[in-house]
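Welcome! Here is a short briefing for anyone meeting this structure for the first time. Take a look, then read on.

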Amino acid sequence: MPDITVPSASPDLTGRALFPHRHLLSIADLKPWEIRFLLDEAEHWARANRGNARKHDDRLAGMTQINAFFENSTRTLLSFEIAGKRLGADVVNMHAGQSSVKKGETLIDTAMTLNAMAADVIVIRHASSGAVALIADKVDCPVLNAGDGWHQHPTQALLDALTIRRRKGGFEGLIVAICGDVLHSRVARSNMLCLAALGAQVRAVAPPTLMPPEVEMLGATPFHRMDEGLEGADVVMMLRLQNERMDGAFIPSPREYHMLYGLTQERLAIAKPDALVMHPGPMNRGVEISSVVADHPERSAITEQVEMGVAIRMACLDILTRQARGVEGWA
Amino acid sequence: MNKLAIINGKLADPAGQSLGNGVVLIEGDRIAATGDIPVPEDAQRIDAAGLVVAPGLVDLGVFATDKPAFHFGGITRAALMPDQSLPLDEAGLIRQATRAGKPDFWVHPIAAATRGLKGTELAEIGMMQAAGARAVGTGRQWIADSGVMMRVLAYASGLGLTVITHAEDGGLAGKAVATSGETATRLGLPHAPACAEAMAIARDIMLARVTGAAIHFRLVTTGAGFDLIRAAKAEGLKVSCGISPAYLFLADNAVTDFRTFARLSPPLRSEDDRKASIAAVADGTVDVITSSHDPRGPEDKRLPFADASPGMAGAETLLALSLNLVRDGHVSLNRLMTLLSGNPAKILGVNAGSFASGSAADLIFIDPDAPWIVDSEKMAAQAGNTPFDRMPVQGRARRIMKGGVFL
């Protein structure tokens with residue numbers, strides 16, 4: 001048997017040994033110290049992005065970054081595009097409507113096409129769980145998962161962790177309530193794994209129809225009543241409820257959902273007085289979150305999440321291309 | 001008439017309790033006699049020393065007529081599922097299907113219970129029976145409308161045909177591609193609870209009770225499903241069930257890493273249900289082991305998990321994997337041949353799967369310990385979509401006789 005004891009603190013590693021992954025596909029692949037390394041690197045970019053009017057750092061100059069989005073996205077695509085451009089990469093966006101990429105050979109063929117264009121890093125979003133890993137298998141360059149089905153959205157979890165760390169100082173003992181449509185949420189799956197790995201106490205709060213079975217295995221304690229789930233929480237992370245799930249399929253109506261699971265000011269008062277409010281966006285105001293809470297100047301970290309998104313993606317793009325760029329210790 | 005005498009082999013007679021010594025005497029395409037009998041002067045002697053002689057396998061419920069794979073696996077007859085590019089819902093298609101394998105392989109088509117397998121109008125079951133259909137089937141899905149299902153059972157029963165059904169409640173199963181549980185949650189896959197199976201079985205048993213029809217649940221894979229089947233058998237209903245080796249030797253964690261070769265219908269179950277399936281084979285609840293052979297190429301399998309087609313190429317590994325049940329002490333080799341050959345032949349009403357006089361001379365010579373390694377790259381099947389890739393197994397059919405003629 002190989003030695004599988006996991007060190008509690010960051011081991012004394014440098015260079016590629018710090019992050020020995022070719023792709024970033026799932027939080028499940030990462031060790032706690034690898035997550036912390038990504039956060040530390042992103043912290044540097046967050047400061048640089050805030051401090052300088054001219055944000056260019058051209059370490060990826062001459063490299064081609066393809067953002068292949070097989071599912072609609074505005075903010076994630078924009079965030080990856082800005083991150084790539086700030087690092088000096090030539091960023092190309094490919095939008096493939098769901099209709100044009102229904103057949104799998106087409107998906108593999110698309111991957112081969114992207115590969116043949118000599119991309120240096122590919123960012124992929126796809127509506128099907130596991131699709132990004134399937135493509136990653138077929139290409140020669142690093143692949144970043146920008147969301148695959150209900151499975152994973154690792155950069156979202158990392159940017160959420162960075163936001164929490166900046167606001168709360170750390171994770172140990174922190175109570176984080178992830179509330180809403182946990183069943184269909186890749187954001188929730190990535191966040192549960194990430195926050196549990198970092199030492200937080202994670203709660204999954206959802207109506208039974210939107211709670212995945214055996215969610216405990218992802219490191220979260222399930223709650224079906226919002227008020228119980230919010231009790232004493234340091235962070236309240238709301239999830240988006242998709243329109244098509246609102247009308248009787250999983251919940252009776254948006255207004256009933258808002259009554260039972262919407263984050264209102266009154267409900268937020270059940271959490272700790274300084275509890276942080278987060279949402280991956282885009283929000284359904286008046287459904288899962290009320291505007292007063294979403295726009296709360298001290299409590300809401302929603303715009304900061306967007307800001308940290310760029311920093312996290314810069315860190316990921318930088319780290320994953322270090323080997324190809326021949327950075328010392330990474331080649 | 002051509003006379004053959006198979007001598008020196010160990011006989012795995014499905015009707016027997018243990019392996020026996022003896023002679024199998026064949027005249028033409030039929031078995032003339034078996035057992036401790038004198039070898040006639042004019043019979044050609046065939047030495048089966050060191051091998052087990054058994055009836056050729058009768059595979060109850062395959063999706064393709066894939067002769068090389070069947071022959072590799074010692075399968076001499078198969079019941080073809082009605083789920084073809086044109087559903088087998090019409091006499092002409094049935095007749096065509098019966099001819100597809102002859103002479104060295106026999107296909108017994110299963111007639112679609114409803115037109116286009118749509119689950120609404122009865123198909124021309126009687127005409128299809130006349131054209132060679134040996135059973136009636138609901139195909140890959142159940143019939144949602146209980147009224148339609150009751151009429152299918154009643155009508156088929158009048159014709160003396162067994163109804164082969166898919167045990168998954170469609171409403172619960174929906175678009176699920178995995179069983180609810182840790183693996184589905186981790187991978188973010190659409191899932192349905194395992195009780196979708198027992199729900200369907202419970203309904204169909206009640207309909208079998210009121211109609212008096214014979215019903216065969218092609219794949220039963222959960223402990224709750226087997227409990228219902230056990231109770232129905234104890235009551236004396238004409239209920240039987242099958243399973244394929246995948247559900248006996250794999251659990252739902254086999255789909256980790258989105259392995260589409262392990263995407264099956266019904267989906268793989270929990271480890272507890274896997275163990276319950278083994279127990280159901282051991283206690284006699286399971287009547288049939290089928291390959292559920294469904295070869296699928298990369299265009300169907302090299303896809304994101306939920307978009308891939310379900311099914312596995314199982315014909316080549318059916319015998320070797322099933323022999324694990326004998327090695328592990330769950331069943332005798334004779335009982336295994338009942339599951340692989342005798343019972344399927346009875347359900348289809350064909351004169352095979354037996355050593356009795358007059359039975360078809362479909363025989364295989366098995367080397368039960370021969371080791372080999374499953375290799376999806378080198379399979380005889382039309383496609384190598386096996387979740388057992390790289391697995392070492394034991395047991396090969398060394399020779400196959402179909403209708404008194406060695407292949």
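In chain B, helix 12 meets helix 13: B:Leu318, B:Leu319, B:Ser322, B:Leu323, B:Leu325 and B:Val326 contact B:Leu333, B:Leu336 and B:Leu340, where contact means heavy atoms within 4.5 Å. This is a predicted model, in which local features need pLDDT of at least 70, side-chain atom pairs count only at pLDDT 80 or more, and totals for chains, interfaces and linings use all residues. Residues are numbered from 1 along each chain as its sequence is written, chains are lettered from A in the order in which they are written, and side-chain values use heavy atoms, leaving out hydrogens and water.

**Helices 12 and 13 of chain B**
- Helix 12 (residues 318–327) of chain B and helix 13 (residues 333–348) of chain B pack at about 140°, with axes 9 Å apart.
- Helix 12 of chain B and helix 13 of chain B are therefore oblique to each other (angles under 35 degrees count as roughly parallel, over 145 as roughly antiparallel, 65 to 115 as roughly perpendicular and the rest as oblique).

**Where chain B meets chain A**
- Here 18 residues of chain B touch 22 residues of chain A.
- About 1700 Å² is buried between the two chains, 62% of it from carbon and sulfur atoms (buried area is the accessible area, with a 1.4 Å probe, that two parts lose on being put together, summed over both).
- On the chain B side, B:Thr185, B:Arg186 and B:Arg302 lose the most area to chain A, together 36% of what that side buries.

Notes: Axes are lines fitted to C-alpha atoms, for helices over the stretch in contact, and angles run from 0 to 180 degrees between N-to-C directions. Helices (H or I, at least four residues) and strands (E, at least two) are DSSP runs, numbered from the N terminus.
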